[in-house]
Amino acid sequence: MGIYKLFWDGKWQETEKIIDVINPYDNKPFAKIYEASIDDVNKAIDTAYNAKEKIASLTAKERGDILDKIADLIADRFDEFAKTISLESGKAIKFARGEVARAIETFKFSADEARRLSGEVVPLDAAASGKNRFGYYKRYPVGVVGAITPFNFPLNLVAHKVGPAIAAGCPIVLKPATATPITSVKLVEVILEAGFPAEGINLVVGSGSTVGNAIVTSEKVAKITFTGSPEVGLQIKAKSGIKRVTLELGNNGPVIINKDADIAKALPTCVVGAFANSGQVCISVQRIYIHEDRYDEFKELYVKSVAEMGVGDPLNDNVVVGPMIDLKEAERVEQWVNEAVSQGAKILIGGKREGSIYYPTVLENCTSDMKVVKDEVFAPVVSLFKFKDLDDAIKQVNDTKYGLQVGVFTENIKTAFYLIDRLEFGGVMVNDVPTFRVDNMPYGGVKFSGLGREGVKYAVDEMTEIRMVMFNLN
């Protein structure tokens, strides 16, 4: 069992404490990693801060070439990354492979953005006082980016912060989730091999209250990019001061199955969208609203499909649902479902736990005040609902504090646009589930789902600042 080091000051570092990295499937350590103290974090921040000019001076070509090289090196170690993701997060290997493929694309998109990062001419003579004045703006890196990432996508959600930061010319202090740090260690190895200056990437691991808080409150960090829970996001917003903040927070992904929907098209995506990564995806399908005329048909087919899914060892190619990230999370979900049943919900399938595995579960007869409906369940649990007409569906779907993405299934273009204009979400996926995301689209939500947008171009925008230039030619 290897002991993995942290990285700052341009070299791999040991610290005074070592923590276990647990395989969620067998609940046994599969690796160890050093844990950072506040002093260690401050050293990492100082390293990044002192490297600002060096990283900013990299040309667009140099940044683009480095990012392309990172993508190529990940591809060279494809199976290693996929297995590491599966071992430390419990993600089924088929989805871990998909994550690696997406991360490669994310770094390639980042390379594209590095090469085309620019400004634009501003027509100052459109103003009465702007005659004979020439204006333009250019984008400059904001400085140190503090990246705080979650366990559920330990490679691609890190890529969505690191890739744009490199493209923008910003040094990085990366704090991956304590449960899934080994993927980030391997990514740092790749970043260094690709030729990114060693001072520009710094890796620290530890609790949010220690490591995360030190990054958030440091005056030397110019930008925080965080993916995680709304509760932590609110704390970050309160503590971050004037620095820029992007928050990708929670959701309880709804889907509308309209009367005219193609059930055969909707069914498989609603199954995978709900249960991939054991439902531990912020845009996972959690609530499905079905027109009352199609409810029984959809319910029967859905439950049948769920019954056929493979559950168990995530390294098995036939498994869709592996373990939750830890036993505590599986027990929480069990408690939430049992509470819903005690309040009148009916289990159509599932509703059982074996260790850290919670079986894919479908509920009906739920009400909007149950935890499995109103909160983010972040687990393989879906609730089915009926609706009478579109306005009824809109009212039920919008009745949430979240607003990340929503899925709509309809064969009527007018219906689609009617829903798009009235659903209070950052993204509306027509004839697909809210779980759909490609890595170059703007991604983010409203309400408690967060602040700002990711997707490489949009992340780069938020990691740069505009400098306006004017020439007086009078």
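Leaving aside neighbours within four places in sequence, Thr410 is in contact (heavy atoms within 4.5 Å) with Asn258, Asp260, Ala261, Thr415, Ala416 and Asn431. The model you are looking at is predicted, so local features need pLDDT of at least 70 and side-chain atom pairs count only at pLDDT 80 or more, while totals for chains, interfaces and linings use all residues. Residues are numbered from 1 along each chain as its sequence is written, and side-chain values use heavy atoms, with hydrogens and water left out. Helices (H or I, at least four residues) and strands (E, at least two) are DSSP runs, numbered from the N terminus.

**Two threonines in loops**

- Thr410 belongs to the loop between strand S20 (405-409) and helix H15 (413-420).
- Is Thr410 buried or exposed? Thr410 counts as buried because its relative accessibility is 3%; buried means under 20% relative accessible area, exposed over 50%, and partly exposed in between, using a 1.4 Å probe and protein chains only.
- Between the C-alpha atoms of Thr410 and Ala214 there are 48 Å, and the two residues are 196 residues apart along the chain.
- Thr149 sits in the loop between strand S8 (144-148) and helix H6 (156-168).
- With a relative accessibility of 4%, Thr149 counts as buried.
- Once neighbours within four places in sequence are set aside, the contacts of Thr149 are Leu157, Val158, Lys161, Leu174, Lys175, Pro176, Ala177 and Thr227.

**Helices H3 and H6**

- How do helix H3 (residues 60-76) and H6 cross? Their axes come within 9 Å and cross at roughly 155 degrees. Axes are lines fitted to C-alpha atoms, for helices over the stretch in contact, and angles run from 0 to 180 degrees between N-to-C directions.
- H3 and H6 are therefore roughly antiparallel to each other; angles under 35 degrees count as roughly parallel, over 145 as roughly antiparallel, 65 to 115 as roughly perpendicular and the rest as oblique.
- The crossing of H3 past H6 is right-handed: a crossing is left-handed if the near helix is turned anticlockwise from the far one by less than a right angle, and right-handed if clockwise.
- On the H3 side Arg63, Leu67 and Ile70 take part, and they meet Gly163, Ile166, Ala167 and Ala168 in H6.
- Sorted by class, the contact of H3 with H6 has five nonpolar, one polar and one charged residues. Ala, Val, Leu, Ile, Met, Phe, Trp, Tyr, Cys and Pro count as nonpolar, Asp, Glu, Lys and Arg as charged, and the others, Gly among them, as polar.

**Helices H4 and H5**

- Helix H4 (residues 78-89) and helix H5 (residues 93-116) have axes that come within 8 Å and cross at roughly 125 degrees.
- H4 and H5 are therefore oblique to each other, and H4 passes H5 in a right-handed crossing.
- Among the residues that make the contact are Phe78, Phe81 and Ile85 of H4 and Ile93, Val100 and Ile104 of H5.
- The contact of H4 with H5 divides into nine nonpolar, one polar and three charged residues.

**The sheet S1-S5-S4**

- Strands of a sheet pair through backbone hydrogen bonds, either parallel or antiparallel.
- S1-S5-S4 is the order of an open sheet of three strands with mixed pairing; two strands pair if DSSP finds at least two bridges between them.
- Strand S1 (3-4) and strand S4 (17-23) stand at the edges, each with a single partner strand, so one side of each has no neighbour in the sheet.
- S1 and strand S5 (residues 28-35) pair in the parallel sense over two bridges, with Ile3 opposite Lys32 in S5.
- Helix H7 (residues 182-193) lies across S1, S4 and S5, and runs at about 55 degrees to S5.

- Strand S15 (residues 346-349) pairs with S18 in the antiparallel sense over three bridges, and Leu363 in S18 is the bridge partner of Ile347.
- S18 also pairs with strand S19 (residues 381-387), in the parallel sense over three bridges, where Ser383 in S19 is the bridge partner of Leu363.
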